[in-house]
Amino acid sequence: MTSKFSEVSLHVKARIAGLLYLIIFVGGLFAVGYVSANIIVYGDPVATMQNIIEKESLYRWGLGVHVVIALCNIPLAAMFYDIFKIANKSLARIVVLFIIVAVAIESVNLLNQFAPLILLHGSAFTSLESAGVLQ
């Protein structure tokens, strides 16, 4: 019994993979390019913290787009395997392995990016008053 995914033509799979890549590319430009440029102040954690507080919705949008990017990478790996197994099956498996490892690393890093929201809305943060203590 064959699955419905394997019955789809190679041309359609390539178009779906291209659409997923476009989502990943545009999302990456927004999340990494735009959001990071407006939130992160390198060398000044207090200014970065203030930016996260002031532009919390933008920061949350960036995190949401990162989640979408990670979720788009998983079906993209399956598409790549199906498309490239014709050329070389073992190399196609290596590509899938690398994509899955990259998604795992990106997901763990994404958990670290949720930490400022948890810390900034915690009761310990609201009791701190001076900027010196915050640093």
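Me: In this predicted model, what share of the chain's contacts with a separation of 6 or more comes from residues 24 or more positions apart?
Reply: Take the contacts in the chain whose separation is 6 or more. Residues 24 or more positions apart account for a share of 70%.

Me: OK, and what secondary structure is the chain built from?
Reply: Reading from the N terminus, the elements go α-α-α-α-α-α-α. There are zero strands, and the helices come to seven.

Me: How do H2 and H4 run relative to each other?
Reply: H2 covers residues 10-39, and its axis lies 8 Å from that of H4. The packing angle is about 155°. Angles over 145 degrees count as roughly antiparallel. The pair is therefore roughly antiparallel.

Me: Which hand does the crossing of H2 and H4 have, and which residue classes make up the contact?
Reply: The crossing is left-handed. By class, the contact of H2 with H4 has two charged residues, six polar ones and, on the nonpolar side, 26.

Me: What span should H2 have, and how far apart are its end C-alpha atoms?
Reply: H2 has 30 residues, and at 1.5 Å a residue they should span 44 Å. The expected span takes one less than the number of residues, so that's how you get there. The model agrees with this, as the end C-alpha atoms are apart by 42 Å.

Me: Which residues of H2 are buried?
Reply: An α-helix has 3.6 residues a turn, so residues three or four places apart point the same way. The buried residues in H2 are Lys 13, Ala 17, Leu 20, Ile 24, Gly 27, Ala 31, Val 35 and Ile 39.

Me: Is His 66 buried or exposed, and what does His 66 touch?
Reply: His 66 sits in helix H4, residues 56-84. Its relative accessibility is 12%, and the cut-off for buried is under 20%, so His 66 counts as buried. Leaving aside neighbours within four places in sequence, His 66 is in contact with Ala 31, Val 32, Glu 106, Leu 110 and Gln 113.

Me: Where is Ala 92, and which residues is Ala 92 in contact with?
Reply: Ala 92 is found in helix H5, residues 89-120. Its relative accessible area is 3%, so Ala 92 is buried. Setting aside neighbours within four places in sequence, the contacts of Ala 92 are Tyr 81, Phe 84 and Lys 85.

Me: How far apart in space are Ala 92 and Phe 80?
Reply: In sequence, these two are 12 residues apart. C-alpha to C-alpha, the distance is 7.1 Å.

Technical notes: Residues are numbered from 1 along each chain as its sequence is written. This is a predicted model: local features need pLDDT of at least 70, side-chain atom pairs count only at pLDDT 80 or more; totals for chains, interfaces and linings use all residues. Side-chain values use heavy atoms; hydrogens and water are left out. Helices (H or I, at least four residues) and strands (E, at least two) are DSSP runs, numbered from the N terminus. Buried means under 20% relative accessible area, exposed over 50%, partly exposed in between (1.4 Å probe, protein chains only). Contact means heavy atoms within 4.5 Å. Axes are lines fitted to C-alpha atoms, for helices over the stretch in contact, and angles run from 0 to 180 degrees between N-to-C directions. Angles under 35 degrees count as roughly parallel, over 145 as roughly antiparallel, 65 to 115 as roughly perpendicular and the rest as oblique. A crossing is left-handed if the near helix is turned anticlockwise from the far one by less than a right angle, and right-handed if clockwise. Ala, Val, Leu, Ile, Met, Phe, Trp, Tyr, Cys and Pro count as nonpolar, Asp, Glu, Lys and Arg as charged, and the others, Gly among them, as polar.
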